[in-house]
Amino acid sequence: MRILVSGAGVAGLSASIDLARAGHTVEIVERAGHLRTNGSPIDVRGDAVGVIEQMGCLDEVIEHSITMTEGAKFVAEDGSVIAPQPMAETNDSDDDVEIPREDLMRLLREALPDSAQLRFEDSVRSLSDDGDQVTVVFESGQEGRYDLIVGADGAHSNVRRLVFGPEQDFVKHLGLYVAIGNAPAQAVSGNAPHSVHILNLPGRMACLGRYRDQALAIFTFRSERIEYDHHDLSAQKRILADFYGEDPQWKIPQLLAAAHADPELYFDAIAQIRMPIWHDGRVVLIGDAAHCATPMAGRGTSLALTGAWILTEELTRHDGDHAGAFTEYERRQRPYSDKAQASASGGADLMVPATEEEIEQRNTRLLSAQ
Ligand SMILES: Cc1cc2nc3c(=O)[nH]c(=O)nc-3n(C[C@H](O)[C@H](O)[C@H](O)COP(=O)(O)OP(=O)(O)OC[C@H]3O[C@@H](n4cnc5c(N)ncnc54)[C@H](O)[C@@H]3O)c2cc1C
């Protein structure tokens, strides 16, 4: 089949690898001008480890893996350690492999068969499914006809909007925002390599993570929904400054400067995508486009890998019956995404207590558990 994949994140790249290897003709269209490799190290967990193995990438993933979050600690304003982050409360499996996002993206890019065409700086403008094929018009003006469309374009999916309706119909805001900036190690002073230090202020947290020669500036804060254009990075940096610009504590000014200097800052609402069905005609959604669980779940990458794998397996098994394949893909993938989404809400009270009293109570609880 001739398949268009919208989005070259983990979901889009892994689906393209799997589908191209299964003999399909794959075209990928990515809105950005390059692969978006920024972000914090991410976890490959549970059955996704088996998927990575079947894709033939496990040795390389393990070779590039790091151990970071095990050492996460809450600190006071002077930087002194209060208590370790209790991993059992935020990590629901011990079979995970932690790998920098840029390494996983690079490994997937390298595994992409030459037959798969990857095109940057373009996006689907419209699509019409006549039952036999889908005609797509791209923003570039190009047109194409495809047997299937795979929407892998993230939580703010364009394909989802075009086929299933506006984002607001499917989004559940969890009351938090996250910003993750990557910077050279020297951009933020102090702290040992491979450490994660977290300072809480009421309703806000600032975090310095270190791995290899990098510093990670991570901010998570409580807020009702904020209206902004999620393609407008300057607007996102202004929101971050509004929430942290007056905070001189600990390393917040350095972390904020590092985040502002990052041209690829990742900023988003911590919001889930919940849909009753992930397919319509010849169009199917995978990854965050279908079931974003949020970074609080720590499972977005694993879900993307399993979804892409299951979709390909079912298309092969159903040999031309895409409707049957899509139904079976949903039946097998939903337990993974339901579990991940259910696990996401618990972390907020631990990671971002809302008040000074709640920060104190959390610290007392963690200290007494030591
Ligand atoms: C830059 C970045 C940094 C991230 N950092 C973290 C992190 O630190 N921690 C964490 O837990 N999760 C992070 N995530 C989310 C995480 O990658 C996903 O939850 C998970 O990997 C599932 O990925 P996905 O491919 O479904 O979605 P995404 O990773 O969001 O990938 C979607 C892709 O689609 C592209 N796209 C968007 N709109 C269009 C369009 N109209 N046409 C074509 N392509 C489009 C995007 O540019 C992106 O490449 C990050 C995502 C991005 C994009």
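A charge sits over a ring if NZ of Lys or CZ of Arg is within 6 Å of the ring centre and within 35 degrees of the ring normal. The legends below describe a predicted model.

**View 1. Two arginines sit over aromatic faces.** Arg334 lies over the face of Trp278. The distance from the ring centre of Trp278 is 4.1 Å. Arg204 lies over the face of Tyr244. Here the distance to the ring centre is 5.8 Å. Tyr244 also belongs to an aromatic cluster, the topic of the next view.

**View 2. Seven residues build one aromatic cluster: Tyr177, Phe219, Phe221, Tyr228, Phe243, Tyr244 and Phe267.** The structure as a whole holds ten aromatic pairs. One of them joins Tyr177 and Phe221. Their ring centres are 5.7 Å apart and their planes stand at 15 degrees. Planes under 30 degrees apart count as stacked, so this pair is stacked.

**View 3. His64 is a buried loop residue.** The loop runs between α3 (58–63) and β4 (72–75). His64 has a relative accessible area of 17%. Buried means under 20%, so His64 falls in that class. Which residues touch His64, leaving aside its neighbours within four places in sequence? They are Ile99, Pro100, Asp103, Arg106, Leu107 and Arg212.

**View 4. His318 is partly exposed in helix α10.** The helix covers residues 300–318. His318 has 24% relative accessibility. Once neighbours within four places in sequence are left aside, His318 is in contact with Gly324, Ala325 and Glu328. Glu328 is ten residues from His318 along the chain. The C-alpha atoms of His318 and Glu328 are separated by 9.3 Å.

**View 5. Strands β8 and β9 form an antiparallel hairpin.** Strand β8 covers residues 124–129, and strand β9 covers residues 134–138. Five bridges join the two strands. Ser126 has Val137 in β9 as its bridge partner. Four residues lie between the strands of the hairpin. In this hairpin Gly131 takes a positive phi near 95 degrees.

View 6. The chain holds 13 helices and 18 strands. Its radius of gyration is 21 Å, close to the 21 Å that the globule rule gives for 370 residues, so the chain is as compact as a globular protein of that length. The C-alpha trace spans about 65 × 40 × 35 Å along its principal axes. Of the 370 residues, 55% count as buried. The accessible surface of the chain comes to about 15,500 Å². Carbon and sulfur atoms account for 48% of that surface. Among contacts between residues at least 6 apart in sequence, 71% join residues at least 24 apart.

Methods
Residues numbered from 1 in each chain as written. Predicted model: local features only at pLDDT ≥ 70, side-chain atom pairs only at ≥ 80, totals over all residues. Heavy atoms only, no water. Buried < 20%, exposed > 50% of the residue type's maximum accessible area, 1.4 Å probe, protein only. Contact = heavy atoms within 4.5 Å. Phe/Tyr/Trp six-rings, centres within 6.5 Å; stacked < 30°, edge-to-face > 60°. Rg over C-alpha atoms; globule rule 2.2 N^0.38 Å. Areas by Shrake-Rupley, 256 points an atom, 1.4 Å probe, with all protein chains shown as cover. Pairing = 2+ DSSP bridges.
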